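Biologist: Hi! Could you walk me through this one while I have it open on my screen?

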Amino acid sequence: MGQYYLWRNQFHRWLGVCVVKSPAFGTESDAFRVLSGLTAHIEEEVGGDHHGLAVRLLRALGVERPAAVAPLPVTAAYCESFPARYLDPARGGAEAVAALAGREIASPARNRIMIDALSAHYGVTSGLEFLTLHETKGPGQFAALWDVLTNGFFADEALMVRAAREEIGEHVGFWDEVYAHLSRDLAAVPA
């Protein structure tokens, strides 16, 4: 969970990439709705005490000093992956927003798995608000952005779907690599 915390602390940067790559006003795209959706989510990130909720969850898991959690190389790479891919001039703003929207729309399933596992298998019952918040709030905002992309203006829907699937795959790959790394570490600890 500490690695997720480290990535989540930088999520506003990914939203910023989408703002930077957003369309200009007066184009075929609905810049107002795209920017409104992105800034609403940034406001939620900053004003919704996401960091405080994440710290409470980590403390419920026994991590007393979240600032002391060191990033794994895979976490550092994942944090930089979205800016590296989508600040590329060859990739458009709609593609960046589609990638992020797809990942966020899929996140409730991930969060439900984590909530159920933490409570059923590890007895964690406090601090889960951080995950339940992301299970309910973000997907609606990003579904609205997805709608703008696919219905609000001319866009290559196949490209949008491909970007969303790629980002979901990146996220699943991140979790797989973190799990593999931590499993190796646990296996190396003498019994």
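Predicted model: local features only at pLDDT ≥ 70, side-chain atom pairs only at ≥ 80, totals over all residues.

Biologist: Good to know. Let's start with helices H2 and H5: how do their axes cross, and how close do they come?

Modeller: The axis of H2 (residues 11-20) and the axis of H5 (residues 73-86) come within 9 Å, with a crossing angle of roughly 5°. Angles under 35 degrees count as roughly parallel, so H2 is roughly parallel to H5.

Biologist: Which residues make that contact?

Modeller: On the H2 side they are Arg13, Trp14, Val17 and Cys18. H5 brings in Tyr78, Cys79, Glu80, Ser81, Phe82, Pro83 and Tyr86.

Biologist: Nice. Switching to salt bridges, how many are there?

Modeller: The count comes to 7 salt bridges. One of them links the side chains of Arg91 and Glu95, at 2.9 Å from N to O.

Biologist: Are Arg91 and Glu95 buried or exposed?

Modeller: Arg91 counts as buried because its relative accessibility is 16%, and the cut-off for buried is under 20%. Glu95 is buried too, with a relative accessible area of 10%.

Biologist: What about Arg103 and Glu104?

Modeller: Arg103 forms a salt bridge with Glu104, and their closest N and O atoms are 2.2 Å apart. Arg103 and Glu104 are both buried.

Biologist: How about Asp116 and Arg112, where do they sit relative to each other?

Modeller: Their side chains meet in a salt bridge of 2.9 Å, N to O. Asp116 and Arg112 are 4 residues apart in helix H6 (residues 93-122), so about one helical turn separates them. Asp116 is partly exposed, with a relative accessible area of 38%, and Arg112 is partly exposed at 33%.

Biologist: Change of topic: where is Thr39, and what does its side chain reach?

Modeller: Thr39 is in helix H3 (residues 31-47). Its side chain reaches the backbone oxygen of Ser36 at 3.3 Å. Thr39 is partly exposed, with a relative accessible area of 41%.

Biologist: How far is Thr39 from Asn111 in space?

Modeller: Their C-alpha atoms are 23 Å apart, while the sequence separation is 72 residues.

Biologist: OK, now Leu145: buried or exposed?

Modeller: Leu145 counts as buried, at 2% relative accessibility. Helix H7 (residues 129-152) is where Leu145 sits.

Biologist: What is Leu145 in contact with, leaving aside its neighbours within four places in sequence?

Modeller: With those left aside, Leu145 is in contact with Arg33, Val34, Gly37, Leu38 and Val97. As for Leu100, Leu145 is 45 residues away in sequence and 9.7 Å away in space, C-alpha to C-alpha.

Biologist: Last one: what about Ala31, where is it?

Modeller: Ala31 is in helix H3, and it counts as buried at 3% relative accessibility. Leaving aside neighbours within four places in sequence, Ala31 is in contact with Pro23, Ala24 and Phe25.

Biologist: And what separates Ala31 from Ala109?

Modeller: Their C-alpha atoms are separated by 30 Å, and the two residues are 78 residues apart along the chain.

Biologist: Great, thanks for the tour!

Terms used
Residues numbered from 1 in each chain as written. Heavy atoms only, no water. Axes fitted to C-alpha atoms, helices over the stretch in contact; angles between N-to-C directions. Helix = DSSP H or I, 4+ residues; strand = E, 2+ residues; numbered from the N terminus. Parallel < 35°, antiparallel > 145°, perpendicular 65-115°, else oblique. Contact = heavy atoms within 4.5 Å. Salt bridge = Lys/Arg side-chain N within 4 Å of Asp/Glu carboxyl O. Buried < 20%, exposed > 50% of the residue type's maximum accessible area, 1.4 Å probe, protein only. Polar contact = N/O pair within 3.5 Å; in protein donor to acceptor, adjacent residues only side chain to side chain.
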